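I opened my notebook for a slow walk through one protein. Here is what I looked up, entry by entry.

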Amino acid sequence: MRINFQKLKSLPVETKSGNLLGHIVDLEINLEAFTINKFEIQDKKWIGTDQSYLIGSEQIVKILADKIIVQDNIKKIEAEAPAKPAVVATPATTLNSEMER
């Protein structure tokens, strides 16, 4: 079976026992081996927040046409929030000072 990322993102992620975990929002790819290392899952109730977690590819039981099934005893790894760019203050130069007068 082949699947594109848009379709993969729309699939619900459930445990073998049927508990809904959420949906895939991102992937971690190993560029050397061309494999997926981790899936970032976001719970439906947390959409719009930074509350998400990672599931290793070894925890995936099956990817079906209508859902993704993972082990019941999954270990959630908190996903790191993306780093915010630092604000850099630019010191006033002679040109800037003259323009402000």
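Before anything else I wrote down what a contact is: heavy atoms within 4.5 Å. I also noted that this is a predicted model, where local features need pLDDT of at least 70, side-chain atom pairs count only at pLDDT 80 or more, and totals for chains, interfaces and linings use all residues. Residues are numbered from 1 along each chain as its sequence is written, and side-chain values use heavy atoms, with hydrogens and water left out.

**Entry 1: the overall layout**

I looked up the elements and found two helices and seven strands in the protein chain. Helices (H or I, at least four residues) and strands (E, at least two) are DSSP runs, numbered from the N terminus. Read from that end, the order is α-β-β-β-β-β-β-β-α.

Next I checked burial. Buried means under 20% relative accessible area, exposed means over 50%, and partly exposed is in between (1.4 Å probe, protein chains only). Of the 101 residues in the protein chain, 25% are buried. The chain exposes about 7,800 Å², with carbon and sulfur atoms supplying 53% of that; these areas come from the Shrake-Rupley method with a 1.4 Å probe, and for residues only the protein chains shown count as cover. Among contacts with a separation of 6 or more, 33% are between residues 24 or more positions apart.

**Entry 2: the core**

Which residues make up the largest nonpolar core? I counted along and got 12 residues in all: Leu-8, Leu-11, Val-13, Leu-21, Ile-24, Phe-39, Ile-41, Tyr-53, Ile-55, Ile-60, Ile-68 and Val-70. At least two residues of this core come from each of β2 (20-30), β3 (35-42), β4 (52-56) and β6 (68-70). The term stands for a set of buried Ala, Val, Leu, Ile, Met, Phe, Trp, Tyr and Cys residues joined through side-chain atoms within 4.5 Å.

Leu-8 lies in helix α1, and Leu-8 counts as buried because its relative accessibility is 6%. Not counting residues up to four places away in sequence, Leu-8 touches Ile-3, Ile-24, Leu-27, Phe-39, Ile-63 and Ile-68. From C-alpha to C-alpha, Leu-8 and Asp-26 are 9.8 Å apart in space and 18 residues apart in sequence.

Leu-11 was my other pick. Leaving aside neighbours within four places in sequence, Leu-11 is in contact with Ile-3, Gly-22, His-23, Ile-24, Ile-63, Leu-64, Ala-65, Asp-66, Lys-67 and Ile-68.

**Entry 3: salt bridges**

Side chains of opposite charge can pair when their charged atoms come close. A salt bridge here is a side-chain nitrogen of Lys or Arg within 4 Å of a carboxyl oxygen of Asp or Glu. How many salt bridges does this rule give? The count is two.

One joins the side chains of Lys-67 and Glu-14 (3.5 Å, N to O). This pair links distant parts of the chain, 53 residues apart: Lys-67 is in the loop between β5 and β6, and Glu-14 is in strand β1. Is Glu-14 buried or exposed? Glu-14 counts as buried, because its relative accessibility is 17%, while Lys-67 is partly exposed at 24%. Setting aside residues up to four places away in sequence, Glu-14 touches Asn-19, Leu-20, Leu-21, Lys-67, Ile-68, Ile-69 and Val-70.

The other bridge is between the side chains of Lys-38 and Glu-28 (3.8 Å, N to O). Lys-38 lies in strand β3 and Glu-28 in strand β2, so the pair ties together parts 10 residues apart in sequence. Lys-38 is partly exposed at 26% relative accessibility, and Glu-28 is partly exposed at 35%.

**Entry 4: loops and the surface**

I found Gln-59 in the loop between β4 and β5 (60-63). Gln-59 is buried, with a relative accessible area of 10%. Its side chain reaches the backbone nitrogen of Gly-56 at 2.8 Å. That is a polar contact, a pair of N or O atoms within 3.5 Å; within protein, one must be able to donate a hydrogen and the other to accept it, and residues adjacent in sequence count only if both atoms are side-chain atoms.

Phe-34 lies in the loop between β2 and β3. Phe-34 counts as exposed, because its relative accessibility is 70%. I also noted its phi near 55°, a positive value in a residue other than glycine.

Last, I checked Met-1, which is found in the segment before α1 (5-10). Met-1 counts as exposed at 70% relative accessibility.
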